[in-house]
Every structure is written in C-alpha cells, then in structure tokens.
Amino acid sequence: MKKSLKVERSDVLRSCGFDSLTAGPSLPHGRDLSFAPADRQAAGPHDGAQFQTFRPSDFQTFRPLTMDARSILHLDLDTFFVSVERVRDSRLNGRPVIIGGSSDRGVVSSCSYEARSFGVSSAMPMKMARAMCPEAVFIRGDMEMYTKYSRMVTDIIADKAPLYEKASVDEHYIDLTGMERFHGCAGWSHELRDTIIRETGLPISIGLSVNKTVSKIAAGEAKPNGEREVAQQQVLPFLDPLSIRKIPMIGQKTYHTLRSMGISTIHTLRVIPAEMLGSLMGQNGMEIWKKANGIDNTPVISYSEQKSISTEHTFDRDTTDTVMLNQMIVSMTEKLAYELRRQEKLASCLTVRIRYSDFDTHTLQQRVPYTAFDHVLISEAQSLFRRLWQRRMLIRLIGVKVSGLVRGVQQLNMFEDTPEMVSLYMTMDRLRGRFGRHAIRRAAGVMTAAERSERELRKASELLAEKSRMEERLRGWRY
Amino acid sequence: MKFVVSSTELLGHLQAISRVISTKNTLPILDNFLFNISGNDLEITASDLESTLITRMHLDNITGSGTVALPARILLDTLKEFSEQPLTFDINPDTMAVVINSENGRFSIVGQNGIDFPVLPVIKKEKRFGFNVPSEVLLTGISRTLFATADDELRPVMGGILVEASTTNLTFVASDAHKLVRYQRSDAKADDNASFILPKKPASLLKNILPRESGVVSVEFDDRNAFFNLSDYRVVCRLVEGNYPNYNSVIPKNNPRKVRIDRLEFYNILRRVSVFSNQASNLVKLQFTPNQITVSAQDVDFSISAYERHKCLYEGDDMEIGFKSVFLIEILSNIASQDVVIELADPTRAGLFLPSETSNEDEDLLMLLMPMMINA
C-alpha cells in the first residue's frame with residue numbers, strides 16, 4: 001500500500017515539472033549549511049560567492065526561470081526581543097530571560113533558550129512563567145526599541161535583496177529565484193546572514209528552499225542561529241519525519257484535532273487524501289494538505305498595505321465600572337483616530353471587542369462613511385459598546401479597531417463640519433505632532449483627579465478587606 | 001380603433017418619453033406605453049410610478065376612441081428600423097389585438113387593457129401652487145445644478161434639486177454636502193414664495209425634453225406632486241418630501257482672498273495634475289502666492305507627484321488649500337465664462353467659484369466647494 005503510494009507521488013511530481021534533471025546536484029538529506037568560513041573556499045560551485053568560470057556542463061544544472069523552480073529564503077531572528085535586550089546589556093547573556101507584561105495577567109512575549117529549558121514558552125501567562133523559572137530576569141519590553149532593531153535588519157536586507165517581504169517584526173522572506181546562476185543562493189544567503197549578525201549583533205536563522213512554507217520550516221529547524229537548505233528533491237524527505245506542529249498554519253486547535261485522529265508526522269498528514277482533510281476542515285484542510293506536501297505558491301510580496309489599526313486593553317482587575325470603561329473607549333478611539341489622521345488614512349469600519357472575566361469574547365462592528373474624525377468614531381464606538389455589553393458580568397478586556405482603510409484626507413461636509421471644529425482638530429494634531437500623542441486629549445477620555453483618587457481609595461480598601469479575610473482564614477487553619 | 005401615423009414622428013415621441021421606463025419594474029404594465037385616443041389626439045404615456053411622461057400627437061386620421069397599453073420594447077425596436085412611411089394601427093377593443101400595417105408588411109402584437117395602467121395623481125386644490133417659466137430658464141437651471149445632487153439614500157432631500165420661486169426670482173439649488181450650486185434668475189418670477197424638491201430622475205428627463213420646445217412651461221405643484229406642462233409634453237413627478245437644509249447659512253459671506261484665473265487653463269492644469277493624485281482621495285493642493293497659483297498632487301503609494309504653476313490675479317498673503325480634484329473639475333466644466341473668480345477665507349472654509357462675467361444680466365451663478373482637511 002505504502003509502496004504504491006510512493007510511486008504515485010513521484011509520478012505526480014514529475015508531471016508537475018519537479019523533474020530531478022532540473023534540480024541542482026543532489027545534496028545529502030537536508031544538509032546543514034552552518035559551516036566555518038574556512039570551509040567555504042572548499043565548498044562546491046553553488047556555495048561560493050566568488051566568481052567562477054562556467055563549464056558547458058554546468059548549464060545543465062541551472063533551473064529554468066519558472067514558478068515551480070523558485071528559491072525562497074526565510075530569515076527568522078532568534079528570540080528576537082531577548083536578543084535585542086542582550087545586545088543592550090551583555091550581562092543577560094547565558095541567563096534565562098523572560099519578556100512580557102509585568103503584571104500577573106500579562107503573557108510571555110519572548111523568552112530565551114535558557115528559560116525554555118525550564119518549560120517556559122511564549123504566550124504563557126506571566127504568573128506561570130514566574131512559578132516555573134523564578135530565577136529568570138523579567139523584562140517588561142520596549143516595543144519601540146525592538147521596532148528600531150527590526151528596521152535595522154530590514155534596511156540591511158532592502159540594501160541587498162531584490163525582492164523581500166517583511167512578514168513580521170522578526171521575520172523576512174526573500175525571493176532569490178534566478179540568482180542561482182550568478183551568485184549561488186546558498187552562498188549569498190550565508191553572506192547576508194553574516195552581514196546581519198555583524199552589523200546588528202542579533203542571532204538569526206535562515207532557511208532556503210523552494211517556497212515560503214518549506215523555507216520557514218527549514219529556518220525553524222535551523223534554530224538557534226543556524227542555516228538550512230532544502231533543495232527541491234529533498235523537500236519531502238525533509239518534511240516527512242517532522243511533527244505536524246511545524247507547519248505554520250497548524251495551531252493549538254488544529255493540532256489537537258489532527259492528533260486525535262492519530263496524525264503526528266507530516267508524512268502521515270501528507271498521505272491522507274486531500275478530500276478527506278477538506279471535508280474535515282474545509283478550505284483550510286486543503287491548504288494544510290498542500291503545505292504538508294511542500295506545495296505553496298504564495299508569492300513574496302514586497303509591500304502589503306496595512307489593513308487595520310487597533311488597540312486593546314486588559315484591565316488589572318476585571319471591572320464593571322461603566323464610567324471608566326467609557327473613558328477607556330473614548331481615549332482608545334481618540335488614539336486610533338489620531339493615528340488615522342497622522343497616516344493620512346480614512347476608515348470605513350469600526351469594531352469593538354470585549355472579553356468577560358470568563359474569557360467569553362464578543363465583537364461587534366459597524367460600517368461608517370469614510371472618516372478620521374474622533375467625534376464620529378467615538379459616538380459609534382460608544383453605541384457599539386453599549387450594544388455589546390449584554391451580560392451582567394465583569395469585563396476583562398476591551399478593544400477598538402478601525403479597518404477598511406484608504407489613503408486620503410477628510411473631505412469636509414458643509415452642513416456637519418464647522419470651520420471651528422476643523423481648526424480645533426488641526427490645532428490639536430499640530431500640538432500632538434510637536435509634543436507627543438498625550439500632549440492634548442479629550443477630557444472625556446481622562447480620569448479627573450477626584451475620580452482617580454476615589455478609584456485608588458476603593459482599590460486600597462478592597463485590598464485591605466481581602467487581606468484581613470485571608471488572615472482570618474489563616475488563623476482558622478492554625479487552630 | 002384605428003389611426004394612421006408617420007413612423008418617424010411616432011418614434012421621435014416614443015423615444016422622448018421612453019427614458020422614464022425603468023428596466024426592473026415592479027408592475028409589468030409599466031413596461032408598456034399607454035395609447036389614449038380621443039377626438040383627433042393621440043396621447044402616449046410612459047411611467048415608472050414616480051415619474052410619468054406624456055406626449056400628445058395631433059393626427060388627422062383617427063376612428064374610434066379608447067385606451068390600449070402596448071409593449072414598449074417591441075414597439076421601439078421595430079419603429080427604429082422603419083424608413084419614413086405611414087403606419088396604420090388597427091386595434092380590436094375586445095381582444096386588444098393590435099395590427100400595424102406598414103407599406104408592405106403587417107405586424108401583430110397583443111396589447112393590454114389600458115385600465116390597468118396607473119392613473120395620474122391630481123394636484124390638491126387647497127395646496128396648489130403654480131407659475132410660468134420660460135423653458136430656457138428651466139433647462140439652464142436644471143442643467144447647471146443637476147451634477148451637484150447627492151446619491152445619498154440616507155438623505156433623500158439632497159438627491160434632488162431645490163426649486164424656489166419667489167416674487168423677485170427663481171432659484172435652483174443642488175448640493176451633496178461637499179459641493180453646492182445656486183443658480184438664480186431674476187427674469188422668472190411667481191406670485192408668491194413657494195418651493196419644491198425635484199428628484200434627480202425627472203430632472204434629467206426634463207433636461208432631455210425641454211430642448212424640444214421653446215416657449216413657456218407652466219409648473220403646477222402641491223406637497224406631493226409636480227406637473228410640468230409643455231405644449232406637446234407633460235412631465236408629472238412625485239416630489240421629494242422633507243425640508244431642504246438651510247443652504248444660505250453655509251455660503252461664507254466674508255472672503256478676503258479673491259483669485260481670478262483663466263478657467264480653461266485652470267481646468268486643463270487640473271486634468272493633468274490630478275492624474276498624479278491619490279486615486280482614493282483625489283486630493284489636489286492649490287497654493288496661492290501673489291499673482292501665481294501652484295497646483296500640486298502626489299500619490300505616496302506609487303511615489304508619483306506633479307505640480308504646475310500658472311499666473312493668476314491674486315493679491316494677499318500666501319495660502320494653501322486642498323480640494324478633491326474631481327469636484328473641482330466638475331465645477332469648472334459647469335461654468336461658462338472665460339475667467340473664473342475663486343473667493344476664499346481660510347483652508348477650513350468653503351471656496352466660492354463664480355463666473356467672472358456673464359452674458360445674461362438676469363443670471364446669478366454661485367458654486368461652492370468644501371475643502372479637504374490637509375495638515376498645513
């Protein structure tokens with residue numbers, strides 16, 4: 001059974017143009033490219049970056065310039081936030097470092113390999129991480145600084161690569177298709193990685209393969225601080241033994257669904273009929289099956305438009321304080337509207353999201369005529385929030401999002417937008433541009449001193465009451 | 001019933017009124033023309049319930065009287081293909097079978113009973129108001145303002161043209177809250193002050209029918225309907241109900257900055273420069289310095305930008321204002337004068353666009369455009 005399947009597959013591959021003739025010289029299974037610089041001189045014609053003289057026989061090994069013979073490089077910065085912190089403070093080297101929200105309710109956004117050996121992983125609640133690894137260095141994190149370092153890496157890539165995509169703050173894709181002929185993709189990639197490490201001091205792992213999915217998985221396998229090339233004919237042998245967890249699309253939920261069906265390796269997933277996965281998980285199932293087979297035609301897109309701007313807030317304590325919640329909605333929406341105007345964009349859709357203390361999450365959205373005005377968005381957000389908060393339960397999180405963005409500035413309406421109001425907006429934005437976002441804000445979004453002290457007082461008295469209750473309980477234990 | 005009519009003449013009348021027939025009618029009978037024969041007159045009606053167009057033909061060769069509804073599509077498609085020749089319509093009043101005899105052919109169609117056709121509304125006596133207006137005034141008033149009407153279903157009043165009659169003048173106003181046009185004629189008056197809001201569709205129907213006649217149009221209306229009586233045509237339409245916003249309050253009074261510029265030149269500059277504006281916002285910036293205007297646009301997404309300078313008459317301090325180029329172009333193409341005068345106050349207030357001179361003493365045209373909010 002297994003054998004017949006295998007034969008079928010190679011037939012399929014050949015008919016798809018995955019002919020072994022078109023691929024480069026056969027490489028050992030998933031060859032590790034993390035060699036010392038001295039080795040590079042001795043490496044084959046595809047690895048060296050220096051000029052070579054071509055022999056006619058070389059030309060047979062060149063891949064044709066078609067979509068099914070692409071070279072995609074994935075660059076993934078290892079434990080990015082931790083690495084940045086280490087660059088800034090070398091005392092952190094070799095110690096477990098955990099970055100995430102400082103409060104008990106925060107989650108781990110990044111952790112060093114040392115911390116991972118204690119069982120800490122990203123997205124884990126901070127409280128749990130603290131219990132697992134109390135000796136770790138806990139850092140709140142500085143998103144602005146990380147963005148700065150991320151941009152440094154992007155600049156280096158932009159300087160050298162013909163076509164790149166910034167997939168996230170620490171991930172980049174580069175399309176190297178056609179470069180084999182002149183530079184040798186592997187050698188070029190190695191030099192790029194060296195340059196990034198040299199210039200930024202950040203460890204980075206790279207994966208080089210035929211499409212985005214496989215190169216991402218390859219980079220994941222190369223971690224920490226390694227390189228991995230998976231050539232066309234190596235794709236399936238490389239993927240087969242790996243856990244299905246390694247496929248980028250498979251998250252916690254899908255993983256559990258598949259595991260409950262007894263699927264654990266990519267090989268098993270791959271030999272399942274695609275229709276079966278399709279009926280199990282719909283369109284996603286087909287996508288996952290394709291990825292398991294190392295098929296991914298998505299192009300490397302150099303620029304992708306921002307689709308939405310959002311902000312959310314998790315409260316230190318779950319709350320039903322209507323006044324405070326409304327203030328929060330006002331200040332969050334104001335922040336988004338200013339961001340829209342600053343980027344010269346207009347939004348056409350507004351979404352409000354709340355999460356109750358039992359993690360029950362609800363969202364509601366509303367289309368609005370293209371706008372970047374606070375007062376329009378705020379009143380919409382408030383009415384959405386009123387409609388959304390149905391259960392009489394404490395609220396853990398609220399969020400506001402604007403989407404349906406287009407570039408542009410507000411066309412004024414003669415009956416609604418008075419010149420006084422427009423001048424006020426322009427003046428406030430100018431003040432913010434000069435003195436920072438918090439220089440001037442709507443009073444409705446800010447707590448007054450009285451409200452603030454009242455809230456502090458209430459918080460303190462609650463704490464006190466809880467403490468005395470606890471002591472009472474402890475006394476009860478003792479006797 | 002029987003009548004003889006010239007094929008091209010009938011086609012001309014049918015085409016004039018056929019524009020009202022909508023492609024997706026709720027009532028099937030509205031896909032027909034209603035033929036009404038009485039005395040020596042043939043009256044043809046087309047309607048979409050909201051608006052009704054009626055045309056009258058005087059024929060010498062009529063026998064009998066009555067009504068019949070004939071399918072519009074078939075009639076128009078066949079008549080189009082006839083050369084000029086007399087056609088005899090023979091209608092059997094019992095079966096509604098219609099035979100059209102041409103010079104060397106015979107076309108049979110089935111009509112429907114004319115009773116099924118919706119009846120015309122009547123003007124309420126107690127709310128009736130009427131005035132007479134030269135057809136040229138009505139035509140210019142509609143064609144100058146029609147482009148500025150809104151497509152906003154939430155505010156139906158803005159989707160029509162406000163026609164205000166007073167003892168001193170006749171005013172046409174249209175606005176979509178971004179641009180506003182006011183066209184005033186002092187050579188057309190009424191006995192009292194009254195106004196109605198003419199919806200976009202009958203307005204454009206009138207715009208097509210009015211050039212066919214010269215003379216005086218008698219306008220009659222109440223709070224629901226309006227009748228426009230021409231000598232051979234009648235346009236009846238349901239009016240937009242509601243109150244038109246107070247447009248006079250948004251026309252800025254004190255505009256210290258006045259610019260005079262060659263209209264066609266300005267229009268051509270805008271056509272060129274606006275190609276480089278962002279396709280979503282269409283923002284062009286106008287920068288005024290003494291006796292010079294700079295029109296600029298850019299699209300950051302594609303890294304394209306353009307600017308063009310031109311001389312103009314302007315005295316005052318420097319100023320920059322942003323407008324939507326499509327609106328600016330529309331406004332300039334609806335002004336007829338050689339030069340256009342732009343009156344401005346500041347970048348947050350509306351700009352006024354006025355013709356520098358007018359051929360007609362009784363005419364007063366004002367166009368207003370709201371700016372876009374630019375970060376100065």
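Two residues are in contact when heavy atoms lie within 4.5 Å. Keep that in mind as you explore this predicted model, in which local features need pLDDT of at least 70, side-chain atom pairs count only at pLDDT 80 or more, and totals for chains, interfaces and linings use all residues. Residues are numbered from 1 along each chain as its sequence is written, chains are lettered from A and ligands numbered from 1 in the order in which they are written, and side-chain values use heavy atoms, with hydrogens and water left out.

**First stop: where the chains meet**

Select chains A and B together. Here 29 residues of chain B touch 23 residues of chain A. About 2200 Å² is buried between the two chains, with 64% of it coming from carbon and sulfur atoms; buried area is the accessible area (1.4 Å probe) that two parts lose on being put together, summed over both. Now highlight Thr348(B), Met370(B) and Met373(B): in chain B they lose the most area to chain A, together 32% of what that side buries.

**Second stop: a salt bridge**

Which residue of chain A forms a salt bridge with Arg155(B)? Select Glu416(A): the closest N and O atoms of this pair are 4.0 Å apart. The rule (a side-chain nitrogen of Lys or Arg within 4 Å of a carboxyl oxygen of Asp or Glu) finds two salt bridges across this interface.

Finally, select residues 143–160 (helix H6) and 185–200 (helix H7) of chain A. Helices here are DSSP runs (H or I, at least four residues), numbered from the N terminus. Show the side chains where they meet, including Tyr149(A) and Ile156(A) in H6(A), and Trp188(A) and Leu192(A) in H7(A).

Definitions and conventions. Axes are lines fitted to C-alpha atoms, for helices over the stretch in contact, and angles run from 0 to 180 degrees between N-to-C directions. Helices (H or I, at least four residues) and strands (E, at least two) are DSSP runs, numbered from the N terminus.
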